[in-house]
Amino acid sequence: MNLAGLLFLILAQFFTGRGLLGMFNIKLKPIILFFVSEMIGVVMFSFIPMIIEFAHVPITKTSVLTSICITTVLFAIIPFKRYDFSVLKPANIKFTTPKLYELLMVFLLVFLMIPSLWRGFLYPAYSRDVLSGPEALAEYTLKEHSLDNSVFTVNLMKSTPNLLKPPFITDLQIIYKMFVHPFGKTWLSIIVVCFLVWLYHILREKLHPVLAGAGVLLLLSIPELYGYTYILLWDYSNMVFFFTGYYFLMKHFKTKQQNIFLFSCLMFGFATFIRLDTLLFIAPTGLLAAYILWKDKVKLSKIILNVALLGIIPFIFYFTWVEVFVKYYLPLNLSTVSELNLNPEHGYFEWFKAINKGLFFGGLNYVLYGLYIYIFLGVLIAETIFFRKQLSRDAAIPLIGVLIVYLCLPAMIYATAWFNMTTAKRGIFKAFPLMLLFMSNSTLLQRFSQLITDYENKKDKQKNVTTAQVKRKPNQTGRKKGKKLAKQ
Amino acid sequence: MDTRSLIITILTVIAITIYFNIPVHKTWLNKRILNFTTNVYDHIGMSLEQRREYRWGAPYVFFRNIKQHMDTLDPPRKLVLLPPELYYKQYMPNITLSEPVICYYYSGLRTTTVDCDDVREADGCVYVHDSQFMYETIDSASDMDKILDHYKANSKENK
């Protein structure tokens, strides 16, 4: 492994992602800013080889390195004035000693991640979908310096759809094979780690550290999902950016800041660039956005504009790849539009039934996802029975997001003739972090969290009272007051 | 360290223990996490090529060897005809020969199958002999007919 190359990419990705966040004026806590910037930097770099190809420049180490440097410098400089350097002052750096249970949780999560990182590093890409598409293209791009390479001259009767998928994996594999390791793949581990750290932070904002850690543990230990933290495929990254889109959409609903809304649209765009069928899930999200903005008495013209942007921005990513790159830059003279399957053998309701039976409520559900879906359903049922009147918007939006994924999943049959239970099995991933976001905002878990916090803080109150008693000379009245406080 | 934090820590440990004793999570933990150390030391010293062999298994080794063999032939051979599944699966049920693009990725070997348009352009073929894949050159149309008949006659559906 080329550690210098990895360090260079980590820094470059951070500055690029940080620059994009700065351009949209997104403010995050310093440490979290690093992880979110890194995650976004990775997906931004996935455009570089495609743009080089657009410019008809050979994809070589020099051209890629130059492009990375230009991108990094541009994105670091443009929003430079918006950077808040005061966070770097030693006086502003606060460090709180973590509690034992926090250390335990962090230790456990790191322990669980080690095999994933190791497998990600040690073994080459494995899945058939990647080997017959992005991985082959990336390997021959390194040899022939073009995305339009000899892979397209091979008999492609059974492989065409994988070669025509957006170049998210192909491009990142090219960059990481060039600069880090002959197997590439390290970028996936970067996305996974950054996402989990950010997710912990999101949960931590609402919940006690033990519950936040437990939430991340629940997600990380979903057997099927864990596999895709080191098996190279589109779905984990797609899940991450679909969730990011939702998270910032929720932020927009709270703040009504247009920059956050645009950033959310861009994140949905990135998710679409990773998997084109994400558009299916974004369309109903537009309806959700329209409804919430209408409820908030936002002007109709602005609602229409925002819903249009939410559709148009991700669609640009779809259009650029499908209608421009595949049509005019790839040699097959094919279009992924031909992949649409408007008259499938089994329709929406048959697939809906099959997915419910096979993945959500039976079949392989338990083996693939462990108890995760059942825990979510348990919280949902408890919330519906006991706290339905207190359901906050922060809980309702991710819940609707889950519903959108649940209802739209079978509709993927119309997007591709290659849709099957395996596609659905991984398509469900998009709902998982949203389920967690719902649970973290549910009254049930927030009360439980408060209960733990109160229990923990009781001691401090007692301690404070005792300390105060020791400091001053105790008298009868003071003792009585102290006892009263202690009882409270 | 105050007592209440310690109690929360202990309860957390108990909760985690219970969670990882639920059969599905226990299996996952044993299969994906705890078995990690059993072969990690063997794998550290593996070369890139050994790791490819380990991960991609028999098809990778098979295609790489054929390619190496083909490179020694004169005149050079360009396209290999692979047998249909119904033919080779009955001899080697655990092996799946990869599709052409994956063969090309593995080794640079161009392959085709009997249901493809370019089948008659193949100048080499693979067949099974004594439960082993063998490579044979195809030099004429009659050679091609012979191998296609052989596949057909020995396919599972015709047996």
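Helices (H or I, at least four residues) and strands (E, at least two) are DSSP runs, numbered from the N terminus. The model on screen is predicted: local features need pLDDT of at least 70 and side-chain atom pairs count only at pLDDT 80 or more, while totals for chains, interfaces and linings use all residues. Residues are numbered from 1 along each chain as its sequence is written, and chains are lettered from A and ligands numbered from 1 in the order in which they are written.

**Stop 1: a serine in chain A**

Select residues 186–206 of chain A, which form helix 10, and find S189(A) there. Is S189(A) buried, partly exposed or exposed? S189(A) is partly exposed, because 18 other C-beta atoms lie within 10 Å. For these words, C-beta atoms are placed from the backbone; 20 or more others within 10 Å make a residue buried, 12 or fewer make it exposed, and partly exposed lies in between.

Now show what S189(A) touches: leaving out residues up to four places away in sequence, L117(A) and G120(A) are in contact with S189(A). Contact here requires that the C-beta atoms of two residues, placed from the backbone, lie within 7 Å. Then select F75(A), 114 residues from S189(A) along the chain; the C-alpha atoms of the two are separated by 23 Å.

**Stop 2: the domains of chain A**

Colour residues 243–339 of chain A as domain 1 and 351–458 as domain 2. Such bounds come from an automatic or database domain assignment. The C-alpha centres of domain 1 and domain 2 of chain A are 22 Å apart. Their contact takes eleven residues from domain 1 of chain A and 17 residues from domain 2 of chain A. On the domain 1 side, the elements giving two or more residues are helix 13 (235–255) and helix 15 (279–295) of chain A. Helix 15 of chain A gives the most, with five residues. This side of domain 1 of chain A has eight nonpolar residues, one polar and two charged. In this scheme Ala, Val, Leu, Ile, Met, Phe, Trp, Tyr, Cys and Pro are nonpolar, Asp, Glu, Lys and Arg are charged, and the others, Gly among them, are polar.

**Stop 3: where chain B meets chain A**

Show both chains. The contact uses 33 residues from chain B and 37 residues from chain A. Which element supplies the largest share of the chain B side? Helix 1 of chain B does, with nine residues. By class, the side of chain B that touches chain A holds 17 nonpolar, seven polar and nine charged residues.

**Stop 4: two helices in chain B**

Select helix 4 and helix 6 of chain B, which pack at an angle of about 70° with axes 9 Å apart. Axes are lines fitted to C-alpha atoms, for helices over the stretch in contact, and angles run from 0 to 180 degrees between N-to-C directions. Helix 4 of chain B is therefore roughly perpendicular to helix 6 of chain B, a term for angles of 65 to 115 degrees (under 35 is roughly parallel, over 145 roughly antiparallel, the rest oblique). Display the side chains: W56(B), Y60(B), F63(B), R64(B) and K67(B) of helix 4 meet C103(B), Y106(B) and S107(B) of helix 6.

**Stop 5: the strands of chain B**

Select residues 79–82 of chain B, strand 1, where L79(B) and L81(B) on one side and V80(B) and L82(B) on the other are all buried. Strand 1 pairs with strand 2 of chain B in the parallel sense over four bridges; pairing requires that DSSP finds at least two bridges between the strands. L81(B) stands opposite T112(B) in strand 2 of chain B. Strand 1 also runs parallel to strand 3 (residues 124–129) of chain B, joined by two bridges. There the bridge partner of L81(B) is C125(B).
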